[in-house]
Amino acid sequence: MCQLLGMSCNVPTDICFSFSGFSRRGGGTDVHRDGWGIGFFEGDDGRGCRVFLDPSPSIESPLAAVVRDYPIQSMNVVAHIRKATQGDICLQNTHPFQRELWGRYWVFAHNGNLIDFDPALSGRYLPVGNTDSERAFCFLLDTLALRFGATAPSYEHLMDTMAEVATVLRAHGPANFLLSNGRWLIAHCSTDLHYIVRRAPFNQAHLKDEDVSIDFNEVTSETDCVTVIATTPLTDNEAWTRIEPGTLMLFRAGVPVEVRQSDQAT
């Protein structure tokens, strides 16, 4: 299956270090050769969204090399490397997927394989490609739009509905996913997902997938707070927290602020 990477921060931060190790898994240190993508939220209140997609392996992609070296500053990031289980290897099937809801961009990436998942959709959100993941995203946004209408709910009410949606998805198979609208980032663990909160006092970190280290004391301030979420830990000298299967977490400004449990884990 695929792998996920997310970042939530209290100040605009680049993801170059984490993405450097993560992108090695796209055909270098792991088998995820069927495309990659990353979305950065920028600008006033995170309303702008810059998305890079490439159906080629990230280890070979010149575009991935640009992203590794280009310090884009963002407070919410969603990235994905693909090992295809459903759908052709092509640009329209490359995560993360992007849609508009309540006047904001929403970005979604999924890791799993949803069997016989063909939900009825209203027509407002329809898949462009032929993956189970994009169908899940359309179903999720359709559910939110139908339940709350034209007015965005509080994130507490949103999380209640998200837990219901996660339960439906996991009835069809693994449904690890990341979702962001630029204000916050939601992570759902069905099988494997980990996170680390980095805040003062900062330490040195070393990537698992290549021999690269960084001393965060040299690139941060004492008030910075950055959470990185990944399918499996990206560093080998830090203590990552495993998210329990069946858990939905909402991160804002680098810290978890809401947690929900969905039903039986898959």
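Which residue forms a salt bridge with Arg242? In this predicted model, the partner of Arg242 is Asp192, with the closest N and O atoms 4.0 Å apart. The two residues come from distant parts of the chain, 50 residues apart: Asp192 sits in the loop between β8 and β9, and Arg242 in strand β13. Asp192 counts as partly exposed because its relative accessibility is 34%, and Arg242, at 38%, is partly exposed as well.

In total, the structure holds eleven salt bridges. Among them is the pair of Asp209 and Arg25, whose closest N and O atoms are 2.9 Å apart. Asp209 lies in the loop between β10 and β11 and Arg25 in the loop between α1 and β2, so this pair ties together parts that are 184 residues apart in sequence. Asp209 is buried at 13% relative accessibility, and Arg25 is buried at 3%. Arg50 and Glu42 also meet in a salt bridge, at 2.6 Å from N to O; Arg50 is partly exposed, at 31% relative accessibility.

I turn now to the aromatic residues. The structure holds ten aromatic pairs. One of them joins Trp102 and Trp106 edge-to-face, with 5.9 Å between centres and 65° between the planes. The ring centres of Trp106 and Trp184 are 5.5 Å apart and their planes stand at 80°, so this pair is edge-to-face. Trp106 belongs to strand β6 and Trp184 to the loop between β7 and β8, 78 residues apart. Trp106 is buried at 1% relative accessibility, and Trp184 is buried at 6%. Together with Phe148, the residues Trp102, Trp106 and Trp184 form one aromatic cluster.

Note on methods. Residues are numbered from 1 along each chain as its sequence is written. This is a predicted model: local features need pLDDT of at least 70, side-chain atom pairs count only at pLDDT 80 or more; totals for chains, interfaces and linings use all residues. Side-chain values use heavy atoms; hydrogens and water are left out. Rings of Phe, Tyr and Trp (its six-membered ring) pair if their centres lie within 6.5 Å; planes under 30 degrees apart count as stacked, over 60 as edge-to-face and the rest as tilted. Helices (H or I, at least four residues) and strands (E, at least two) are DSSP runs, numbered from the N terminus. Buried means under 20% relative accessible area, exposed over 50%, partly exposed in between (1.4 Å probe, protein chains only). A salt bridge is a side-chain nitrogen of Lys or Arg within 4 Å of a carboxyl oxygen of Asp or Glu.
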